[in-house]
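The following exercises are to be worked through with the sequence and the coordinates at hand. Each task is followed by a solution in steps.

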Amino acid sequence: MAMQKTWRVNLGRGLLGIAVGVLCLWLSLRGLDLADVGAALLQARPPWLIAALASVVAVAFIKAARWWFLYPPSFRPPSWLTTFPVLMTAQMLNVLLPLRLGEIARVGLMLQENTSVGSTLSTIVVEKSLDLLAVGVLIALIVPTAMLPDWFPLSSGMSMGLSGVALLGVLLAIWLGRDWLKRLAERILSFRGWLPERWQARLLRLVHEILDGLGALTNLRGALPVVGLTAASWLASISTMAAMLAAFGLPVQWHVALVLSLTIYLSNLIPTPPALVGVIGAVTVMTLRWFGIVRVEATALGMALNVVLIGPLVIMGGWATLQRFAQLTRGNLKERWAWSLGLKKHPQP
């Protein structure tokens with residue numbers, strides 16, 4: 001029953017995301033001459049489009065390196081190049097399927113790389129907390145300049161930032177009290193033999209891995225690379241928007257690029273369609289129109305930006321998945337695809 005309910009929720013979210021995408025696409029294109037939009041698209045400058053694509057790829061590498069640093073040394077894979085193809089597969093799933101399967105894929109694929117479930121779960125929680133905190137910091141920095149649109153979801157952005165701070169604080173408190181929590185978990189799991197010893201050992205090991213994995217930011221040596229890479233990823237994201245403005249011959253204003261980066265990030269608060277079709281375009285038009293950019297140019301830039309942001313993730317994620325699939329020789333076609341995507345436990349050879 002629980003699985004059926006989860007499936008219905010995911011299906012409903014997916015259908016709602018598609019409806020949102022269709023609505024956003026209609027709002028972006030209504031009243032426009034598509035020939036004018038096409039002409040504006042053809043005016044895009046290839047060198048700047050290539051620069052924007054390079055920035056998107058740079059963000060992917062930076063986030064993969066940051067994820068590697070979020071693993072404590074005792075759990076960390078031998079190379080950060082291990083985390084890159086896994087992250088690309090996960091991001092591909094998240095943008096193509098509005099079911100948020102990426103995190104499940106990350107856990108499953110890292111398990112195939114002999115990295116425990118608990119340690120990967122802890123890195124994902126810390127990563128999400130850092131991203132929320134970064135959004136809050138960026139909004140706090142830009143609010144005094146009074147350059148945010150009237151419709152910008154300021155309260156939601158600040159709430160995300162405060163949530164990031166609170167969550168990181170809770171995680172730190174949990175890590176500091178990890179020894180007591182481990183003893184408590186052991187007493188609960190072993191109470192009157194309500195669980196078989198085999199399951200007691202598995203669950204206790206999972207608890208230990210999660211608690212120990214929360215210590216990535218508890219020392220300066222571990223925290224500095226993570227904070228630096230988080231800042232670098234946002235700088236690369238803003239550079240993507242600046243390159244797109246330049247590609248369409250628009251004034252390259254960094255505050256416009258920053259606001260556009262934030263609005264596209266915050267668009268994830270609503271159910272999104274596959275490949276974010278329509279959503280990125282509508283958000284781009286709303287943002288650039290606020291800064292006085294002609295609607296035809298804003299629409300053309302939004303359509304190109306959709307391809308620039310999503311295309312590299314799909315290509316890199318697809319390549320990583322195909323490489324993994326090609327190395328599998330056991331199981332039927334469906335099982336091999338599930339193993340390649342990390343959605344099914346791979347049997348030990």
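A residue is called buried when its relative accessible area is under 20%, exposed when it is over 50%, and partly exposed in between. The model is predicted, and the chain averages a pLDDT of 86, with 93% of the residues scoring at least 70.

**Exercise 1. Determine where in the chain confidence is lowest and where it is highest.**

Solution. Confidence is lowest in helix 1 (residues 2–29), where the mean is 64. The highest value belongs to helix 3, at 96.

**Exercise 2. Classify Asp131 and Arg66 as buried or exposed, and describe how their side chains meet.**

Solution. Both Asp131 and Arg66 are buried. Their side chains form a salt bridge, with an N to O distance of 3.0 Å. Asp131 belongs to helix 6 and Arg66 to helix 3, so this pair ties together parts that are 65 residues apart in sequence. Side chains of opposite charge can pair when their charged atoms come close.

**Exercise 3. Trace the salt-bridge network that contains Arg106.**

Solution. Step one: Arg106 meets Glu103 in a salt bridge at 3.9 Å, N to O. Glu103 and Arg106 are three residues apart in helix 5, which means a separation of about one helical turn. Step two: the accessibility of Arg106 is 2%, so this residue counts as buried. Step three: the side chain of Arg106 also forms a salt bridge with Glu127, at 2.9 Å from N to O. This second pair links distant parts of the chain, with Arg106 in helix 5 and Glu127 in helix 6, 21 residues apart. Step four: Glu127 has a relative accessibility of 4% and therefore counts as buried. Step five: through shared partners, salt bridges join Glu103, Arg106, Glu127 and Lys128 into one network.

**Exercise 4. Which residues does Lys182 contact, leaving aside its neighbours within four places in sequence?**

Solution. Lys182 is located in helix 8 (residues 178–189). With a relative accessibility of 13%, Lys182 counts as buried. The contacts of Lys182, with neighbours within four places left aside, are Leu204, His208, Leu211 and Asp212.

**Exercise 5. Examine phi and accessibility at Asn114 and at Ala275.**

Solution. Most residues other than glycine have a negative phi. Asn114 has a positive phi, near 65°, and lies in the loop between helix 5 and helix 6. With a relative accessible area of 72%, Asn114 is exposed. Ala275 has a positive phi of about 60° and is placed in the loop between helix 11 (254–266) and helix 12 (279–290). Ala275 has a relative accessibility of 16% and thus counts as buried.

Key: Residues are numbered from 1 along each chain as its sequence is written. This is a predicted model: local features need pLDDT of at least 70, side-chain atom pairs count only at pLDDT 80 or more; totals for chains, interfaces and linings use all residues. Side-chain values use heavy atoms; hydrogens and water are left out. pLDDT is the predictor's confidence in each residue, from 0 to 100. Helices (H or I, at least four residues) and strands (E, at least two) are DSSP runs, numbered from the N terminus. Buried means under 20% relative accessible area, exposed over 50%, partly exposed in between (1.4 Å probe, protein chains only). Contact means heavy atoms within 4.5 Å. A salt bridge is a side-chain nitrogen of Lys or Arg within 4 Å of a carboxyl oxygen of Asp or Glu.
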